[in-house]
Amino acid sequence: MKKILVTGGAGFIGSHTCVELFSAGYLPVVVDNFSGSDRRVMDALAKILGTPIPIYEIDCCDAVAMRDVFRKEGPIEGAIHFAAYKSVGASVNQPLEYYANNLGSLVTLLQVMRNENVRRFVFSSSCTVYGQPDTLPVTEESPMKPAESPYGRTKQFCEAVINDAVTANIPLQAVSLRYFNPVGAHPSALIGELPIGKPENLVPFITQSAAGWRGELTVFGNDYSTRDGTCIRDYIHVVDLARAHVAAMHWLEKDTRPAFNEIFNLGTGNGVTVLEAIAAFEQASGTRLNYQMGVRRPGDVMEVYASVEKASRLLGWRTEFTILEAMRDAHRWQTTLGPTPPKA
């Protein structure tokens with residue numbers, strides 16, 4: 001099996017990508033310091049895959065440790081880089097930590113890859129680089145707007161680092177995947193999203209509120225110029241998102257250009273309002289959700305959803321799961337976690 005290094009492979013998107021990589025005939029080699037994930041995920045992955053996969057508990061900013069992984073596991077065919085701090089709110093209060101970790105881990109990984117002659121690289125980016133777009137749907141050519149947080153800026157800066165490396169003719173065949181809103185869980189309910197502390201995203205707050213972990217859900221603003229007054233987002237099932245990483249790796253294997261950074265949006269191509277997402281959860285779970293209307297939240301854009309024509313055309317990828325199925329799987333995952341939040 002061809003080996004693919006997966007940094008942050010115990011995280012929400014990383015763990016699901018490990019499953020899809022393995023199913024496609026790759027062997028994921030996980031690097032994770034578990035600062036934002038749970039070690040029990042690796043046991044769950046072993047259950048899903050029927051076998052354990054390599055795991056190295058190290059920090060991606062540690063160049064020596066990263067080099068040793070490449071040399072011990074080599075040959076490694078490519079790397080997928082998920083490892084990053086990702087809380088928008090925390091980034092405002094801890095900007096130096098976010099820049100040091102998110103930029104430092106990327107630069108370290110790219111340096112080690114160059115030294116170990118590994119070229120294929122998939123970067124976990126975000127639709128936050130677009131801000132509030134001028135036109136919808138958002139295409140890969142839509143201009144970047146000023147980021148609303150240090151977290152968002154780290155994604156913009158990381159893409160700039162990759163572009164600069166390519167411009168300098170460093171042998172790097174890169175794909176940057178700009179995610180929209182990942183939701184759901186693996187259909188087995190063995191892995192899913194479990195934010196540390198209070199969730200900042202809608203769907204885990206919905207599922208935790210329904211389970212009694214949180215209080216009443218607040219909908220931030222119902223006076224936007226949308227069909228029901230609430231914000232619109234593009235919610236993509238995490239399994240569809242994981243499969244896009246496999247499609248990107250397959251595509252990289254066929255591209256013969258010595259150095260490039262190709263950008264792809266990953267979403268469904270359809271916008272869903274907050275109230276529509278709540279209704280989908282209620283239908284999928286059979287649970288009535290308690291929520292109240294609140295004022296707008298600073299930094300929220302009104303509406304954003306993706307054009308995925310490029311990913312469909314070049315990667316041969318498209319989503320398969322609906323918002324209803326995503327909510328079903330998110331609810332099923334939540335029910336496995338018990339009546340109270342697990343201890344860290």
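Helices (H or I, at least four residues) and strands (E, at least two) are DSSP runs, numbered from the N terminus. The model is a predicted one, in which local features need pLDDT of at least 70 and side-chain atom pairs count only at pLDDT 80 or more, while totals for chains, interfaces and linings use all residues. Residues are numbered from 1 along each chain as its sequence is written, and side-chain values use heavy atoms, with hydrogens and water left out.

**Overall form**

The protein chain contains eleven helices and 13 strands. Its radius of gyration is 19 Å, close to the 20 Å that the globule rule gives for 344 residues, so the chain is as compact as a globular protein of that length. The radius is taken over C-alpha atoms, and the rule is 2.2 Å times the number of residues to the power 0.38. Along the principal axes, the C-alpha atoms fill a box of roughly 55 × 45 × 40 Å. Of the 344 residues, 53% are buried, where buried means under 20% relative accessible area, exposed over 50%, and partly exposed in between (1.4 Å probe, protein chains only). Contact means heavy atoms within 4.5 Å. Among the contacts with a separation of 6 or more, 79% join residues 24 or more positions apart.

**The seven-stranded sheet**

Seven strands form an open sheet in the order S3-S2-S1-S4-S5-S6-S11, with parallel pairing; two strands pair if DSSP finds at least two bridges between them. Strand S3 (55–56) and strand S11 (260–266) are the edge strands, each pairing on one side only. Strand S6 (residues 173–179) is joined to S11 in the parallel sense over seven bridges, and leucine 177 stands opposite phenylalanine 264 in S11. Helix H6 (residues 150–167) lies across strand S5 (120–126), S6 and S11.

Tyrosine 26 belongs to strand S2 (residues 26–31) and counts as buried at 3% relative accessibility. Beyond its neighbours within four places in sequence, its contacts include Met1, Leu21, Val246 and His250.

**Helix H7**

Helix H7 (residues 202–210) is mostly covered, with eight of its nine residues buried. These buried residues are Leu202, Val203, Pro204, Phe205, Ile206, Thr207, Gln208 and Ser209. Their cover includes strand S7 (181–183), strand S8 (217–220), strand S10 (235–237), helix H9 (274–285) and helix H11 (323–335). After H7 comes glycine 212, whose phi is positive, near 90°.

**Aromatic rings and charges**

Rings of Phe, Tyr and Trp (its six-membered ring) pair if their centres lie within 6.5 Å; planes under 30 degrees apart count as stacked, over 60 as edge-to-face and the rest as tilted. The structure holds five such aromatic pairs. One of them joins tryptophan 251 to phenylalanine 260 in an edge-to-face arrangement, 5.9 Å centre to centre with 75° between the planes. Tryptophan 251 is buried, with a relative accessible area of 14%, and phenylalanine 260 is buried at 5%. Ring pairs link Trp251, Phe260 and Phe264 into a cluster.

A charge sits over a ring if NZ of Lys or CZ of Arg is within 6 Å of the ring centre and within 35 degrees of the ring normal. Two such placements are listed below.

| Charged residue | Ring | Distance from ring centre |
|---|---|---|
| Arginine 296 | Tyrosine 224 | 4.0 Å |
| Lysine 310 | Phenylalanine 264 | 5.1 Å |

Methods
Axes are lines fitted to C-alpha atoms, for helices over the stretch in contact, and angles run from 0 to 180 degrees between N-to-C directions.
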